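Visitor: Could you walk me through this model, please?
Guide: Gladly; here it is.

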Amino acid sequence: MVGFVAAIAVELSKGEDVFAQISNGGIPWFLLTTGVLSVASLIPLSNGVSVESRSKPFWSSDAELLNGRFAMLGLVALALTEYIKGGTLV
């Protein structure tokens, strides 16, 4: 979800498509962000807190799973559209 929002934000601010973002140093940022968010999400689990115990009706684990899937589809659709179009989406 963070990756999709970041890709759109960089595209709007700098006018770079997803492939240009990756080739201009996006891989280290991706790895750093993935590592930080993974560690941050594993800390509560290591303390014995389950995902289901922290879920609320609106912010449930099922809603987060669905939002993540839509974000992955959105990122793939963005990259595919830019590839077919030959430039940025916006």
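The model is predicted, so local features need pLDDT of at least 70 and side-chain atom pairs count only at pLDDT 80 or more, while totals for chains, interfaces and linings use all residues. Residues are numbered from 1 along each chain as its sequence is written, and side-chain values use heavy atoms, with hydrogens and water left out.

Visitor: Which pattern does the protein chain follow along the sequence?
Guide: Helices (H or I, at least four residues) and strands (E, at least two) are DSSP runs, numbered from the N terminus. The protein chain has 4 helices and 0 strands. Read along the sequence, the pattern is α-α-α-α.

Visitor: What is the radius of gyration of the protein chain?
Guide: Over C-alpha atoms, the globule rule is 2.2 Å times the number of residues to the power 0.38. For 90 residues that rule gives 12 Å, and the protein chain is well over this value, so it is more spread out than a compact globule. Its radius of gyration is 16 Å.

Visitor: How far apart are the end C-alpha atoms of α4?
Guide: The expected span of a helix is 1.5 Å times one less than its number of residues. With 25 residues, α4 should span 36 Å, and the model agrees. The end C-alpha atoms are apart by 36 Å.

Visitor: Which helices do the buried residues of α4 pack against?
Guide: Buried means under 20% relative accessible area, exposed over 50%, and partly exposed in between (1.4 Å probe, protein chains only). In α4, the buried residues are G68, A71, G74, L78, A79 and E82. Taking contact as heavy atoms within 4.5 Å, their packing partners are α1 (2-14) and α2.

Visitor: Which residues make the nonpolar surface patch of about 490 Å²?
Guide: Such a patch joins nonpolar side chains (Val, Leu, Ile, Met, Phe, Trp, Tyr) within 5 Å, from residues with over 30% relative accessible area and no salt bridge. Helix α4 (residues 61-85) gives the largest share, 3 residues. The patch is made by F19, L80, Y83 and I84.

Visitor: What is the relative accessible area of F19?
Guide: F19 lies in helix α2 (residues 18-46). It counts as partly exposed, because its relative accessible area is 41%.

Visitor: How far apart in space are G35 and L12, C-alpha to C-alpha?
Guide: G35 also belongs to helix α2. From L12 it is 23 residues away in sequence, and the C-alpha distance in space is 25 Å.

Conventions: Patches are made of residues with over 30% relative accessible area and no salt bridge: like charges are joined within 9 Å, nonpolar side chains (Val, Leu, Ile, Met, Phe, Trp, Tyr) within 5 Å. Accessible areas come from the Shrake-Rupley method with a 1.4 Å probe; for residues, only the protein chains shown count as cover. A salt bridge is a side-chain nitrogen of Lys or Arg within 4 Å of a carboxyl oxygen of Asp or Glu.
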